[in-house]
Amino acid sequence: ENGIEIIARLDQECRENPPAAKTISNITLELKQQILDSTQELTDEQRSQLSRYEAEAYRHQGDPQRAIKIYSILAKQRPTDRAVQQTLAELYAGGDSDRDHNMALGHWRRLTRLSPAGTPDWFQAKLGIAQALAQLGESERAAEVIKLTMALHPDLGNDQTKRAFERLLSE
C-alpha cells in the first residue's frame with residue numbers, strides 16, 4: 001500500500017468518524033508532507049490527489065479558508081473537474097460574506113454548465129444557485145430559478161432534492 005492509498009483511507013475515516021476527524025487529518029497532513037519530501041516521483045494526477053486530500057484535511061480541521069485556497073488552485077488546473085467545482089462551491093457557500101456567496105454562485109453556475117441537464121450534479125448545482133441567491137438577499141431570483149427548474153424537471157431528480165427545492169421556495 002502506498003502513501004496516497006493510506007491518505008485516501010484516512011480521508012474516508014474522517015468522513016465516517018467526525019469526532020476523530022481533526023486528529024486523523026493531522027496524520028494526513030504529516031503523511032502528505034513525508035510523501036512530498038521523499039524521493040518518490042509523483043505524477044500530476046498523484047499531486048492533484050494529494051492536494052485534494054490536503055484540502056479535505058484542512059476542511060476537517062475547521063479551516064475552510066486554507067481548503068478554499070488549495071481547491072482554487074485545483075479549479076484553475078482542472079476547470080472541467082465537477083467534483084472540484086462542487087467542493088469549492090460548497091466551501092464558499094459555508095462562508096458568511098456576500099463575497100463568499102457570490103463566489104459560491106459562480107462555481108454553482110459553472111457546475112451547471114459542466115453537468116448534463118437532469119443529472120444529480122446538475123440538480124445540486126441548480127439548488128446551490130438558488131441558495132446562493134437567497135443568501136445574497138435575492139429571494140425573487142432564487143424563486144425564479146426554482147420555479148423554472150421545477151417546470152422543466154418536475155421530479156427534480158429525487159425526493160430528497162425535491163424537498164430541498166420546495167423547502168427553499170417556502171422560505
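Visitor: How much space lies in the largest pocket?

Guide: The largest pocket holds about 160 Å³ of space. Keep in mind that this is a predicted model.

Visitor: Which residues line that pocket?

Guide: The lining consists of Asp11, Arg15, Gln49, Arg52, Tyr53, Glu56, Arg59, Tyr71, Ala83, Val84 and Thr87.

Visitor: And which helices supply at least two residues each?

Guide: Three helices do: α1 (3–16), α3 (44–60) and α5 (82–93). Of these, α3 gives the largest share, with five residues.

Visitor: How does the lining divide into nonpolar, polar and charged?

Guide: Five of the lining residues are charged, four are nonpolar and two are polar.

Visitor: Stepping back, how many helices and strands are there in the chain?

Guide: The chain has nine helices and zero strands, so in order from the N terminus the elements read α-α-α-α-α-α-α-α-α. Along the principal axes, the C-alpha atoms fill a box of roughly 55 × 30 × 30 Å.

Visitor: What percentage of the residues is buried?

Guide: Of the 171 residues in the chain, 41% are buried. As for contacts with a separation of 6 or more, 48% of them join residues 24 or more positions apart.

Visitor: Let's take α2. What does it reach from its first C-alpha to its last?

Guide: Helix α2 covers residues 21–37, which is 17 residues, and reaches 24 Å. That is close to the 24 Å expected at 1.5 Å a residue.

Visitor: Which of the α2 residues are buried?

Guide: They are Ala21, Ile24, Ser25, Thr28, Leu29, Leu31, Lys32 and Ile35. The cover over them includes α1 and α3.

Visitor: What is Lys32 in contact with, leaving aside its neighbours within four places in sequence?

Guide: Lys32 is in contact with Ile7, Leu50 and Glu54.

Visitor: On to α8. What should its span be, and what is it?

Guide: Helix α8 has 14 residues, 139–152, which at 1.5 Å a residue should span 20 Å. Its end C-alpha atoms are 20 Å apart, so the two agree.

Visitor: Which α8 residues are buried?

Guide: Ala142, Ala143, Val145, Ile146 and Thr149 are buried. They cover an arc of only 160 degrees around the axis, which puts them on the same side of α8.

Visitor: Why would spacing like that put residues together?

Guide: An α-helix has 3.6 residues a turn, so residues three or four places apart point the same way.

Visitor: What does the face turned away from the buried side of α8 carry?

Guide: That face carries exposed residues: Glu140, Glu144, Lys147, Leu148, Ala151 and Leu152.

Visitor: And what covers the buried residues of α8?

Guide: The cover includes α7 (120–135) and α9 (159–170).

Visitor: Last topic, the loop between α8 and α9. Where is phi of Leu156, which lies there?

Guide: Leu156 has a phi near 55 degrees, a positive value in a residue other than glycine. Most residues other than glycine have a negative phi.

Visitor: Is Leu156 buried or exposed?

Guide: Leu156 counts as buried, because its relative accessibility is 0%.

Terms used. Residues numbered from 1 in each chain as written. Predicted model: local features only at pLDDT ≥ 70, side-chain atom pairs only at ≥ 80, totals over all residues. Heavy atoms only, no water. Helix = DSSP H or I, 4+ residues; strand = E, 2+ residues; numbered from the N terminus. Expected span 1.5 Å × (residues − 1). Buried < 20%, exposed > 50% of the residue type's maximum accessible area, 1.4 Å probe, protein only. Arc of directions from axis to C-beta. Contact = heavy atoms within 4.5 Å. 1 Å grid on protein atoms, 1.4 Å probe; cavity = no way out; pocket = protein on both sides within 12 Å on 5 of 7 lines; lining within 4 Å. Points joined across faces, edges and corners; volume = space filled by probe spheres on them. Nonpolar A, V, L, I, M, F, W, Y, C, P; charged D, E, K, R; others polar.
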